Amino acid sequence: PGNPEGTCQRRGHTGKCPKQEHVFDLVCSILCYFPHELYTFQDLLFCFSVIDVSSGDPHKNGIKPLSFIRQVLAVCLYPELLKEEGLSLDVRLRTQMLLKACDGGSVGSYTASSGLPHVRQSIADFISRRDAGVSSCAEHVFISTGSQVALKLLASGEGEAQTGVLTPIPCPHTLPTLMDIYGVKLVPYQLKEELDWAVDVHELHQVLTTARRHCQPRSIYISNPGNPTGHVQDRKSIEEVIQFAAAEGLLLLVDEVFQDCVYGQDREFISYKKVLFEMDKQYSETVQLISFHSLSSACIGECGLRAGYMETVNLDPEVLHFIDTLLCTDINTPVTGQLALDVMVNPPKPGDLSYDTYTQEILLSQATLSHNAQRAWEFLNGLPGMSCQPAMGGIYLYPRLHLPPEIIEQYKHSKTAILTFADVYGSTPGQKRRVPKDEVFSRKSHKTIVFHFESC
Ligand SMILES: Cc1ncc(COP(=O)(O)O)c(C=O)c1O
């Protein structure tokens, strides 16, 4: 608690804060009231120790950068370091290769809007290896600033002609805003919490039928491993979604940014692309798919370097041309991010000098995330009035807060605000109050937890 006097110095309020103790006390009492006046999130920041993990930023919360990525970037930025004798051979060779791929041998030069051809090829090779040999073509890989640029593609029409995207609820907290900015209509479909946040195809059909009366649904968005639910789809579930998309002529937009972080028992990451290519030709040669991955991934966590990619499958060449044109508006993705992407998809191999360190660092990140997910899950399920599905992957948990009916009734009458746990942007339509988990659970005492003040 940042304010030992128990006074709230913001908004001219001089009285005692109704709850001045650790946020943990609020957890135990589930909620407390602030009569007469709504407190803003900043007010509460003033009163309590708050760790904001809403951005899902691993480095901000203590995950360490991978040494090999940083060493390669350091030398790329300052090639004079190549003269250093202590530089390991694989860092030297990788740097030289990457600098050769940059115009003028410098990270300071422009690149093609869709990214450096060398890095696009590395990404295509990575996808092929990851998907047990399924072919991937560098021309269908587009590097962009972050992973969700594909949504821009869909912007079209207004009113009933507006493009709709079937979007899971709950969904990544930035998604509704992005869709709004890009002029795309969010068509919500509810994930099934009681079935480990499964996608329910029956629900998809219903939602689609209704949505067609109001807009033009052209796509379905999937987050797998799921943000903020932590679920990981199995092959059967992925096949069902693909069949649905095929039957309804929808483009699949699949966010697979947490693919490097799956820890649920009997769960593994299987990409939509792999499943699609192992299905009949009626699917593998027709279903349109755009999948994303990003440097912001759970174990790499270099979100500040701003680079991701999308791979397109079965898209019309004219659409590919359109994507290229669209990316021109940013000129190009920052070159350092592109080079880090190259290392992410093509890490040191056995026998390379950096291999052991790289592997240990990745394993440590994975173990930390998995361990914390387990601890956060146990913690949340141990709280009165909370329940939470197990996390299988990614960096979030999404617990349910069971409010006693009398509290809800009391709110309805007094119109006071309720302090709840929530993901900090938990204002997505249809969302209940949630809290994300983060690495903080292993480093800080249980008394620290993120909360959000919501005026209901
Ligand atoms: C589902 C999801 N997609 C993508 C990202 C990363 O986005 P970007 O690549 O724009 O940093 C995140 C980051 O937390 C995420 O949770």
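This note goes through the fold of a predicted model, point by point.

1. **Basis.** The model is predicted, so to read it: local features need pLDDT of at least 70, side-chain atom pairs count only at pLDDT 80 or more, and totals for chains, interfaces and linings use all residues. Residues are numbered from 1 along each chain as its sequence is written.

2. **Overall make-up.** The protein chain has 16 helices and 12 strands. Helices (H or I, at least four residues) and strands (E, at least two) are DSSP runs, numbered from the N terminus. Of its 456 residues, 43% count as buried. Buried means that 20 or more other C-beta atoms lie within 10 Å of the residue's own; exposed means 12 or fewer, and partly exposed is in between, with C-beta atoms placed from the backbone. Among contacts between residues at least 6 apart in sequence, 72% join residues at least 24 apart. Two residues are in contact if their C-beta atoms, placed from the backbone, lie within 7 Å.

3. **Main core.** The largest nonpolar core has 94 residues. Such a core is a set of buried Ala, Val, Leu, Ile, Met, Phe, Trp, Tyr and Cys residues joined through C-beta atoms within 7 Å. V72, I123, L252, A340 and L341 have the most contacts inside the core. Helix 13 (residues 335-345) gives the largest share of this core, 7 residues. The core draws at least three residues from each of domain 1 (18-50 + 362-454) and domain 2 (117-345). Those domain bounds come from an automatic or database domain assignment. In soluble globular proteins, nonpolar side chains tend to be buried together.

4. **Helix 5.** This helix covers residues 117-130, 14 residues in total. From first C-alpha to last it reaches 20 Å, close to the 20 Å expected at 1.5 Å a residue. The expected span is 1.5 Å times one less than the number of residues. Its buried residues are V119, R120, S122, I123, A124, F126 and I127. They pack against strand 2, helix 10, strand 8 and helix 13. Leaving aside neighbours within four places in sequence, I123 is in contact with V141, Y309, L341 and V345. Just after helix 5, A132 takes a positive phi of about 55 degrees.

5. **Strand 2.** V141 and I143 point one way from strand 2 (residues 141-144), F142 and S144 the other way. All four are buried. Strand 2 pairs with strand 8 in the antiparallel sense, over 4 bridges. Pairing requires that DSSP finds at least two bridges between two strands. Within this pair, F142 stands opposite M310 of strand 8.

6. **Strand 5.** Strand 5 is largely enclosed by the rest of the structure, because 7 of its 8 residues are buried. It runs parallel to strand 3 (residues 163-169), joined by 4 bridges. The bridge partner of T163 is Q216 in strand 5. Strand 5 also runs parallel to strand 6, with 5 bridges. There, S223 stands opposite D255.

7. **I222.** This residue is found in strand 5. I222 counts as buried because it has 22 C-beta neighbours inside 10 Å. Beyond neighbours within four places in sequence, I222 is in contact with V241, L252, V254 and D255. I222 and E256 are 34 residues apart in sequence and 8.5 Å apart in space, C-alpha to C-alpha.

8. **Helix 9.** Helix 9 (residues 235-248) has 14 residues and reaches 20 Å from its first C-alpha to its last, close to the 20 Å expected at 1.5 Å a residue. S237, I238, V241, I242 and A245 are buried. They lie on the same side of helix 9 because they cover an arc of only 135 degrees around the axis. The arc is that of the directions from the helix axis to the C-beta atoms. An α-helix has 3.6 residues a turn, so residues three or four places apart point the same way. On the other side of helix 9, R235, K236 and A247 are exposed. The cover over the buried residues includes strand 5 (216-223), strand 6 (251-255), helix 10 (272-277) and helix 11 (281-284). G249 follows helix 9, with a positive phi near 65 degrees.

9. **E302.** This residue lies in the loop between strand 7 (289-294) and strand 8 (308-313). E302 counts as buried because it has 24 C-beta neighbours inside 10 Å. Leaving aside neighbours within four places in sequence, E302 is in contact with P65, I69, L295, S296 and A340. E302 and D57 are 245 residues apart in sequence but 8.4 Å apart in space, C-alpha to C-alpha.
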